Amino acid sequence: MATSTAPPNGSRTGKSYMVGLADGRRVYLAGRPVADLAHDPRTEGMAAFLADLLDEHRPDGGLTGEDGHPLAYSLAHSAEEVRERGRAFARIARLSGGLMGRSPDFVATVLTAWAGAADHFGPYADNVRAYWQHARAANLLLTHAISDPPADRHLGPRADGEVQALRAIRTTDDGVVVRGAKMLATLSPFADDLVIYPFRPLDESETDQALCFAVPVATPGLTLYSRPSYASAPAGDGPLAGRFDELDAICHFDDVLVPWDRVFIHGDVARANNLRPGTGMTSYAWHQSAVRAWVKAETVYDLAARCARAAGRDRQPLVRQQLGELAGIVETLRGLVVSAETGTRPDEFGQYVCESVPLAASGMLNARLYPRAVELLQAIASSGLVMHPVTADEDPESAGHTFMQTYFAGAGVDGLAHGRLLRAAADLTMNRFGTRQVLYERLFLGPPEAFQAKFHDLFAAGRSVDSPVLDGLDG
Ligand SMILES: Cc1cc2nc3c(=O)[nH]c(=O)nc-3n(C[C@H](O)[C@H](O)[C@H](O)COP(=O)(O)OP(=O)(O)OC[C@H]3O[C@@H](n4cnc5c(N)ncnc54)[C@H](O)[C@@H]3O)c2cc1C
């Protein structure tokens, strides 16, 4: 395998990332182009977070390996290296309390899986290896778009035969020209590159949609139509939304040229449909997401416990019971990560990976556990979610300052700090930021009902148990 000539990781700084956001990318937010993502009040919080994340990749930060490369971009050659990668996922998740669903380590680890099993890509295998080396050396912030617009999935082609889903329309000496839409790419307005591959199984006839490739977000012809930002509450009134709104966008490709060296699958339905088993990528992706789900549950628990303590509610038996259920959610998700990491073994491509079944169980259960955790937080914080000091009350000159300080002072916190806790709890339970977080976890692995059936197949396939109790019953 050729070695990378790109500069070693660490040379990329948060500052250079912020400057690089002005690269001509076409991002529409609430129907209008965003002039400067690094300084727009709706996007600057997330841009600054990502810049800090890049700066965290320093030699002693626990996010890079001995070779200086990010652990999210590293293949594991032992069980300990898998666990080391898991600890890096946890460190990254803790920086946002797990609230950044598509932190860049997710697609980094997917690409790494592809590189470890690059033969799956046949004639494009070297492209995958070279792109992984490039992305790893530059610590690229990647995201992906894999779903098709609903019309194509549920209604079929239009009367004129046009499809809306992204497809290849021609090839040139320079690459593949693609047209259509992919949805919906979380984080894409802030990412360096966008990775495209299919989510649903393709029919044999859909060769033009059998595509896997990567392009910079700032590619000519590519436009991102983002949903409105949820970060627009007055600073401090949405303390979590203001920092962790990663945005979601539809990606429109208006005859975009994908250069040949960034093409990974083209026209090969079998390789597209077998991308997951053919590369073992789910074990990598689910390891990251299971760690993040556990950290996110911890965040909800910690916030609920702080709100309960501040209000004295932690002395009520019912609230203690609710906190116990929340703690059980944390332990369930943590236990599944431990179980998966304990079962680490080499996969069929020779790389060490976690055991998949506990990771899949985590993803399946989290679709229900996260909404339940938020419901418990709502029950615990209760009326405080609507009635609490706002940021304006922190100004000593404001009319409500003294009143709020007095009436909301709680156990170990003054009234204004209590307000900050409740505003964070309201972010997770009451507003669009919070309900989007619930939707994100519900749909993380696609429709949860569909995933339950897939999980059963995975569980049952690896199971052969002799039962002295049952064996006599069915012969
Ligand atoms: C906040 C958020 C962020 C996202 N980020 C990304 C991203 O970064 N990249 C990306 O590519 N995609 C992303 N997605 C898209 C996500 O993958 C899809 O939402 C998901 O696959 C479900 O597709 P859908 O929403 O179109 O629902 P549909 O597939 O239309 O399903 C709608 C409902 O129908 C039912 N249903 C559908 N199929 C079945 C089935 N087989 N069995 C039983 N019931 C079924 C379920 O109740 C389901 O909820 C994101 C979605 C959300 C909400």
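Q: Which hand does the crossing of helix 10 and helix 14 have?
A: The crossing of helix 10 and helix 14 is left-handed, a word used when the near helix is turned anticlockwise from the far one by less than a right angle, whereas clockwise would be right-handed. The helices (H or I, at least four residues) and the strands (E, at least two) are DSSP runs, numbered from the N terminus.

Q: Which residues make the contact?
A: On helix 10 the contact is made by Val300, Leu303, Arg306, Cys307, Ala310 and Ala311, and on helix 14 by His418, Leu421, Leu422, Ala424, Ala425 and Leu428, where contact means heavy atoms within 4.5 Å.

Q: And how do those residues divide by class?
A: The contact of helix 10 with helix 14 has ten nonpolar residues, one polar and one charged. In this scheme Ala, Val, Leu, Ile, Met, Phe, Trp, Tyr, Cys and Pro count as nonpolar, Asp, Glu, Lys and Arg as charged, and the others, Gly among them, as polar.

Q: What is the angle between helix 10 and helix 14, and how far apart are their axes?
A: Helix 10 and helix 14 (residues 415–429) pack at about 140 degrees, and their axes are 10 Å apart. The axes are lines fitted to C-alpha atoms, for helices over the stretch in contact, with angles running from 0 to 180 degrees between N-to-C directions. Helix 10 and helix 14 are therefore oblique to each other, given that under 35 degrees counts as roughly parallel, over 145 as roughly antiparallel, 65 to 115 as roughly perpendicular and the rest as oblique.

Q: Before we go on, where do these values come from?
A: This is a predicted model, in which local features need pLDDT of at least 70 and side-chain atom pairs count only at pLDDT 80 or more, while totals for chains, interfaces and linings use all residues. Residues are numbered from 1 along each chain as its sequence is written, and side-chain values use heavy atoms, with hydrogens and water left out.

Q: OK, how do helix 4 and helix 5 pack?
A: Helix 4 (residues 105–116) and helix 5 (residues 125–138) pack at an angle of about 140 degrees with their axes 9 Å apart, and they are therefore oblique to each other. Helix 4 passes helix 5 in a left-handed crossing.

Q: Which residues make that contact?
A: Leu111, Thr112, Trp114 and Ala115 of helix 4 meet Val128, Tyr131, Trp132 and Ala135 of helix 5. By class, the contact of helix 4 with helix 5 has seven nonpolar residues, one polar and no charged ones.

Q: New topic: what does helix 11 pack against?
A: The buried residues of helix 11 pack against helix 3 (79–95), helix 10 (281–311) and helix 12 (356–381). Among these buried residues are Gln322, Leu333, Leu336 and Glu341, where buried means under 20% relative accessible area, exposed over 50% and partly exposed in between (1.4 Å probe, protein chains only).

Q: How far does helix 11 reach?
A: Helix 11 (residues 317–342) has 26 residues and reaches 36 Å from its first C-alpha to its last, close to the 38 Å expected at 1.5 Å a residue; the expected span is 1.5 Å times one less than the number of residues.

Q: What is the phi of Ala30, and what is the phi of Asn139?
A: Ala30 has a positive phi of about 50 degrees although it is not a glycine, and Asn139 has a positive phi near 45 degrees. Ala30 is exposed, with a relative accessible area of 54%, whereas Asn139 counts as buried at 5% relative accessibility.
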